[in-house]
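Subject: Structure for you to look at

Hi,

Here is the structure we talked about. Please open it and keep it on screen while you read my notes.

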Amino acid sequence: MALSPASVGPVISEVEMNAGADQGATTVRATVVQACSVFYDTPATLDKAEKLIAEAAGYGSQLVLFPEVFVGGYPHGSTFGLTIGSRSAKGKEDFWKYHAAAIDVPGPEVSRLAALAGKYNVFLVIGVVERAGYTLYNTVLSFDSLGKYLGKHRKLMPTALERVFWGCGDGSTIPVYDTPLGKIGAVICWENRMPLIRTAMYAKGVEIYCAPTADALPSWQSSMTHIALEGGCFVLTANQFCRRKDFPPPPEYTFGGHEEEPSPETAVCPGGSAIISPSGTVLAGPNYEGEALLTADLDLGEIVRAKFDFDVVGHYARPEVLSLTVKTEPKHAVSFTSTVG
């Protein structure tokens, strides 16, 4: 079911709704948001986020997941004027605008997102472009339903040209939150292809595995299904649905990687958001048709049934043969010490 940007609503199958009615307190209603940022306009993006959160809450959703860098935007097609050995003046100007649209963590935008989570009584997981001085990070923020900011995850390894405009996270921000809804964590886009970070999440007991992304390829669905089966967890993946007209017009914003400038209606990111159960069953999506809310009821009892078959860090582990060490201390470029006396 595709919905227009002006009327974003849920995608809930009759089977899912009926199943949820019988599952009682072990059921969590979750919504994945598939929508586009208002590029270069963070206040407008936050206004849009509130409308989407309110609509999801109206359907009884307890958990709402937004796409990768929803606040701040994913710069589809931008090269930031980079070629090996040089950067253009326009590319530097583009980065200045992108930096200006990012948010500080903590900061006023984080406070507003916390207030929205509390106002609409939802556990909120949302991607942002985090500004830390002059470096930007691809970050996911989490908030509980009382309006408390819980913490963040910074993407460990930006992909390809992303490394030009985002820094790398470290092991100090790989949280899994123990909440009344279950244990919730987030891994961003192609980090999900990294077996070791997935293993770290499984070891932390993740039950609702959030995977905000910018990958709309069909192969992404295979990855999400594999993770649900491998981890014995629910996987929620959220992507933006963006058309060329959602970005500033040329020459202010130009798209690389195209033989010609895309038409205003061209989908530069066609979505693919979905919700998948621990058995690999697709509960909602994937949607490639437009902006939408995808909603499903998660029967947490399915996790136990899936772990009986395969518990990757439990009865199916072989620590005497294979093991993982996760370094969780923050990594700083500069450390200061002092000697007193």
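Below is what was found in it, part by part.

**Ground rules**

This is a predicted model, in which local features need pLDDT of at least 70 and side-chain atom pairs count only at pLDDT 80 or more, while totals for chains, interfaces and linings use all residues. Residues are numbered from 1 along each chain as its sequence is written, and side-chain values use heavy atoms, with hydrogens and water left out.

Helices (H or I, at least four residues) and strands (E, at least two) are DSSP runs, numbered from the N terminus.

**What the record says**

The UniProt annotation "domain: CN hydrolase", from an unreviewed entry, covers residues 28–300. UniProt positions are in the numbering used here, feature names are shortened, and annotations may be inferred rather than shown by experiment. The span 28–300 is 25% helix and 29% strand, and its end C-alpha atoms lie 7 Å apart.

Find E68 in the loop between β2 (63–65) and β3 (82–83). Is E68 buried or exposed? E68 counts as buried, because its relative accessibility is 1%. (Buried means under 20% relative accessible area, exposed over 50%, partly exposed in between, with a 1.4 Å probe and protein chains only.)

**Two helices side by side**

Now look at helix α2 (residues 42–58) and helix α4 (residues 108–119). Their axes come within 10 Å and cross at roughly 10°. That makes α2 roughly parallel to α4. Axes are lines fitted to C-alpha atoms, for helices over the stretch in contact, and angles run from 0 to 180 degrees between N-to-C directions. Angles under 35 degrees count as roughly parallel, over 145 as roughly antiparallel, 65 to 115 as roughly perpendicular and the rest as oblique.

Which residues of α2 meet α4? They are T42, P43, L46, D47, E50 and I53. Across from them, α4 brings E109, R112, L113, L116 and K119. Contact means heavy atoms within 4.5 Å. The contact residues divide into five nonpolar, one polar and five charged. (Ala, Val, Leu, Ile, Met, Phe, Trp, Tyr, Cys and Pro count as nonpolar, Asp, Glu, Lys and Arg as charged, and the others, Gly among them, as polar.)

**A six-stranded sheet**

Next comes an open sheet of six strands, in the order β8-β9-β10-β11-β14-β15. The pairing is mixed. β8 (176–179) and β15 (282–287) stand at the edges with a single partner strand each, so one side of each has no neighbour in the sheet. Neighbouring strands are turned by 15° against each other on average, direction ignored.

Walk along part of the sheet. Two strands pair if DSSP finds at least two bridges between them.

- β8 and β9 run antiparallel and are joined by four bridges. A hairpin of two residues links β8 to β9. T179 stands opposite G182 in β9.
- β9 and β10 pair in the parallel sense over three bridges. A186 stands opposite C210 in β10.
- β10 (residues 208–210) and β11 (residues 234–237) also pair in the parallel sense, over three bridges. C210 stands opposite L236 in β11.

Four of the five residues of β9 are buried, so β9 is largely enclosed by the rest of the structure.

**The helix across the sheet**

Helix α6 (residues 195–203) lies across β8, β9 (182–186) and β10. It runs at about 150° to β10. Its buried residues are I197, R198, A200, M201 and Y202. They pack against β7 (149–154), β8, β9, β10 and α7 (218–231). After α6 comes G205, with a positive phi near 85°.

R193 is in the loop between β9 and α6. At 43% relative accessibility, R193 counts as partly exposed. Beyond its neighbours within four places in sequence, R193 is in contact with R198 and S219.

**An enclosed strand**

Finish with β16 (residues 292–299). Eight of its eight residues are buried, so β16 is largely enclosed by the rest of the structure. In a regular strand the side chains alternate between the two faces of the sheet. A292, L294, A296 and L298 point one way from β16. L293, T295, D297 and D299 point the other way. Strand β1 (residues 27–34) runs antiparallel to β16, joined by eight bridges. A30 stands opposite A296 in β16.

Best wishes
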